[in-house]
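Hi,

Here is the structure I promised to pass on to you. Have a look at it first, and then read on for what I found.

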Amino acid sequence: MNVHEYQAKELLKQYGVPVLENRVIFKPEDAEQAAKEFVEKGSKVVVLKSQVHAGGRGKGKVRNINTDEIMQIEGKDVHGVNVLFGDNLPAKAKAFAEATLGNKLVTIQTGEAGSIVNRMMLEDGASIDKEFYISILLDRATSKNIIMASTEGGVEIEEVAEHSPEKILKEIIDPTIGFQGYQARRLAFGLGLSGTAFKNFVKFISNLIKAYDALDCSMLEINPLVVTTDELIIALDAKVDFDDNALYRHPSIAALRDESEEAPLEVEASKYDLNYIKLDGNVGCMVNGAGLAMATMDMIKLSGGEPANFLDVGGGANVERIANAFRIMMSDENVEAVLINIFGGIVRCDRVANGIIQALETVEVNLPLIVRLDGTNAELAADILDKSDLKFIVAKTFNDAAEKVAAVVKTLKV
């Protein structure tokens, strides 16, 4: 689960991670009032940030939701992150908020569809000396948490990894002894820090790791992490992903979920504990197991088809889960055919076959259905499907299933 930047910073503050003072903005008047408060405290610069679950906000541009024209103020494009300075800061903040709220932000991660901006954050300015990148996440190669840091802050880490991999520092955290002080110092030396900034960074990274562990994060990214001219270390941005499997321990974090930032069908699927991700193709996929689901999508592509979704119904694949999976797939108007690819390991194939038939008694599916069941009692399952009154296209092998569904979709286009 993701949260917005202002929510992430509020959580990090609880663990001693330094962030700038900010206010959440829901309407233009909020931005005006917040900027007025900062000015009264002596601020000469404020930053207004769109709060969406996408990266690249600084380069992204705000477009009018109705005309798709790029919003402008005084001849300049309105971006997802806008630094405001000079006279009349409250009026400027209000104007940028009016141009942004309710419109869509298009970034490299959102694509042309963009993301509607429903809330913003106004943050105090900072006197920045240097910018860095730092993140904590699980390294699947070692099955341990890893810290990645780079002097190339403020840019996409993917670009750094591709063009300047030597600029990425890494520290593996051994779970038996935890993060050690010498590792914090080695990172600080690697980033070229010294003096007060060095000491502040050691404290910063230690607190950041405490937050990562205590909040059950799956990824915590600060980009940029800044050193100010007075040698303070501040998280200027914050992106936090939480482990969904641990959210039951954090009801207050689960309550921060913003469903408007998620695809409606994905939100609906989550209500039934279905692992669903919408894609742009026309072949609906119903599979048990994430690995098999990925392989199924690959086989559909290799056979000339386009998967419309990733959908893992889990090991149970009972009637209720299958029915809900059908209902969600049928809500996607792009789906023209459905491929069911189930391996009967935990659950027997004959039970899955009966579950499919029973589910179709409650959900209307007027699309071609290609079914491939393999594993325990696969032959009995095929017999059950053949003898039903429903029109299934039964496939025997993985490749056979992918080719049949691709052929069906091509036939529909003729």
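Predicted model: local features only at pLDDT ≥ 70, side-chain atom pairs only at ≥ 80, totals over all residues.

The protein chain has 414 residues, and 48% of them count as buried. Its secondary structure comes to 13 helices and 21 strands. If you follow the C-alpha trace along its principal axes, the chain spans about 80 × 55 × 40 Å. Among contacts in the chain with a separation of 6 or more, 68% are between residues 24 or more positions apart.

Now for the sheet. Strands of a sheet pair through backbone hydrogen bonds, and they can do so in a parallel or an antiparallel way. The one I looked at is an open sheet of 4 strands in the order E1-E9-E2-E6, and its pairing is antiparallel. Why is one side of E1 and of E6 left without a neighbour in the sheet? Strand E1 (22–25) and strand E6 (81–85) stand at the edges, so each has a single partner strand. Leaving direction aside, neighbouring strands here are turned by 20° against each other on average.

Two helices go with this sheet. Helix H2, residues 28–40, lies across E1, E2 and strand E9 (120–124), and runs at about 170° to E1. Helix H3, residues 89–100, packs on the sheet too, where it touches E2, E6 and E9. The direction of H3 makes about 160° with that of E6.

Let us zoom in on the pair E2 and E6, which is antiparallel over 5 bridges. Within this part of the sheet, Lys-49 has Val-81 in E6 as its bridge partner.

Arg-57 sits in the loop between strand E2 (45–50) and strand E3 (61–63). Is Arg-57 buried or exposed? Its relative accessibility is 10%, and because buried means under 20%, Arg-57 counts as buried. Its side chain makes a polar contact of 2.8 Å with the side chain of Glu-5.

Enjoy exploring!

Best wishes

Key: Residues numbered from 1 in each chain as written. Heavy atoms only, no water. Buried < 20%, exposed > 50% of the residue type's maximum accessible area, 1.4 Å probe, protein only. Polar contact = N/O pair within 3.5 Å; in protein donor to acceptor, adjacent residues only side chain to side chain. Pairing = 2+ DSSP bridges. Axes fitted to C-alpha atoms, helices over the stretch in contact; angles between N-to-C directions. Contact = heavy atoms within 4.5 Å.
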